[in-house]
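The sequence and the structure come next.

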Amino acid sequence: HSGFGQGRGGNDGMSGAPMWQIKRKMAEYDRQREKLVTELIAESEDRKKPAEAPNVMVDALALGGGLQTESKVKPLVRHVVVKDFNKVAQMKKIEFPKSDLFSEKAPIGLYAVFDGQACSSSWSPSTPGTAAVDFCARNFHLKVLDNLQMLRQGSANEAYVKAALIKSFHDLDEEYLAQKPTVEDGCGAAVALLLGQHVFVATIGRCGAALAEVAPGQGGPPRPMQLGGQAASLSASLGEPSRKRGPGASSTPEVHCVKLHGPDSHPFLLLASSTVVSALNAAQLVEAAADYCMQPRIVCLEILQSLVTRQNEKSLVPQQMVLAQVCFLPAKDKAPDKKQEAAKKPKLGSKDGMMNSMRLRHIMLRTQESTSSKQPASAASAKVKATRTRQEAEQVLRNVLKDLRQNLKAAEKAPKTVNDLVVFQGKRFGELCREHSDCPSAKKGGATCGDLGWMSLEDMSNLGGNFREKCDPLKPGQWSDICGSDQGIHLVQRV
């Protein structure tokens, strides 16, 4: 007898297995296939997500030699801050390796100072020029992009990243010499490439870098880790065509790599021009910067302004200076998915809404650069204070912060809690706010003077400038760095 199923039972398949067993296996197969498709979709979506920017607060400033006071003065010092190097690479359709130090979409940032006064004095022209420093500031990041993308999967470790940085200097130097063979300008540099939990620091010429380090379990003020200063890198340079034709000329930087262990161990990094390094050693730089936690703008202003004052008092030849500080911040909490965020968005005034916000008070100064249409509290103050330059406004806020710090030191009894600190500083803050602030909140009475109320991250972003960037990391009682918005510049306290 022939025919499907005959001799095996009417509910058997061709294999002889019962149909219920075949159906169960098919259902299991469908579940596995669905799981695989889901994982592939999730992996594809994850690849599309951009890498996060490094969790740092960074600022840089050039000062001295007439940079802030004379419009015709050409800058011999420059600084470059690329806060999200992955984003720049994505815009240029460049792919970095995905293994070793680059694994798990490592955040990448690039920070640099360039100094046209930092070359070997025996070879440099009597009057430094701007050609080399301008060229290096515009093109260095492009060379780093090119050389990092050349790293192969499995060879993107510390040694190869160092080699990529060194080659970036060589490529930059060769291109400059090819384009400007008769321009004798030269340039020194201090560069930091932040790659995940590793920072690579390269110095050339007489520029310098110092990493603040706190010994494990010891606490206390940070000590300096000097990165740079070896004879070979001090005598090297970028540019200087005549010198490069002589014996022993080099464009090879000194490169160091340090694995960071969080802000408690490595709170900040400083990059300085030759004119800063010649006046302050690494220990002095770190000591001066340690007084201002997460306030890189104020650090740069305080250090550079003190050096300018020293030049004036000693009748020294005015020199241009540049300083950059990178503050390493605590790890962020993982951001929720946008869909989850929308689904869980708290109602205004709810308990969850308060937890996702912070209460702030501030002193705000309008400057010539302010772009907001909102005017100060009175028309009279608008006419007078809107003529203030940013430099003048920053000086006022620095003096305000010094006043508050001195008032705290003079307290008979030091505040024991954050709440005690906020209450103690409230009286003096109110006096300073009413005296200086251009914000209508300065007209409020008592403890509400200068009060911005509860602000979410979205509220901070809506103010424009770097207000959110500078205020988001604040802890209760802490003062912000000088930050900007569309309305002016601010000094903010989280209360």
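Which residues are linked in a network of salt bridges? The network is made up of D59, R297, R390, E394, K470 and D481. The model is predicted, and local features need pLDDT of at least 70, side-chain atom pairs count only at pLDDT 80 or more, and totals for chains, interfaces and linings use all residues. Residues are numbered from 1 along each chain as its sequence is written, and side-chain values use heavy atoms, with hydrogens and water left out.

**Salt bridges**

A salt bridge is taken here as a side-chain nitrogen of Lys or Arg within 4 Å of a carboxyl oxygen of Asp or Glu. The count by this rule is 20 salt bridges.

| Pair | N to O distance |
|---|---|
| E394 and R297 | 2.9 Å |
| D438 and R388 | 3.5 Å |
| E158 and K162 | 3.6 Å |

Helices (H or I, at least four residues) and strands (E, at least two) are DSSP runs, numbered from the N terminus. Burial is given by relative accessible area: buried is under 20%, exposed is over 50%, and partly exposed lies in between (1.4 Å probe, protein chains only).

E394 forms its salt bridge with R297. This pair links distant parts of the chain, since E394 is in helix α13 (residues 390-409) and R297 in helix α9 (residues 296-313), 97 residues apart. E394 is buried at 3% relative accessible area, and R297 is buried at 12%.

The side chains of D438 and R388 also meet in a salt bridge. D438 lies in the loop between α14 (418-436) and β13 (451-456), and R388 in the loop between α12 (379-385) and α13, so the pair ties together parts that are 50 residues apart in sequence. Both residues, D438 and R388, are buried.

E158 and K162 are four residues apart in helix α4 (residues 158-179), which means that about one helical turn separates them. E158 is partly exposed at 35% relative accessibility, and K162 is partly exposed at 24%.

**Strand β11**

Strand β11 (residues 321-328) has eight of its eight residues buried, so the strand is largely enclosed by the rest of the structure. Both of its faces are covered, with M321, L323, Q325 and C327 buried on one side and V322, A324, V326 and F328 buried on the other.

Two strands pair if DSSP finds at least two bridges between them. Strand β1 (residues 56-63) pairs with β11 in the antiparallel sense over eight bridges, and D59 stands opposite Q325 of β11. D59 is also one of the residues in the salt-bridge network. Strand β10 (residues 268-272) runs antiparallel to β11 and is joined to β11 by five bridges; here L271 stands opposite A324.
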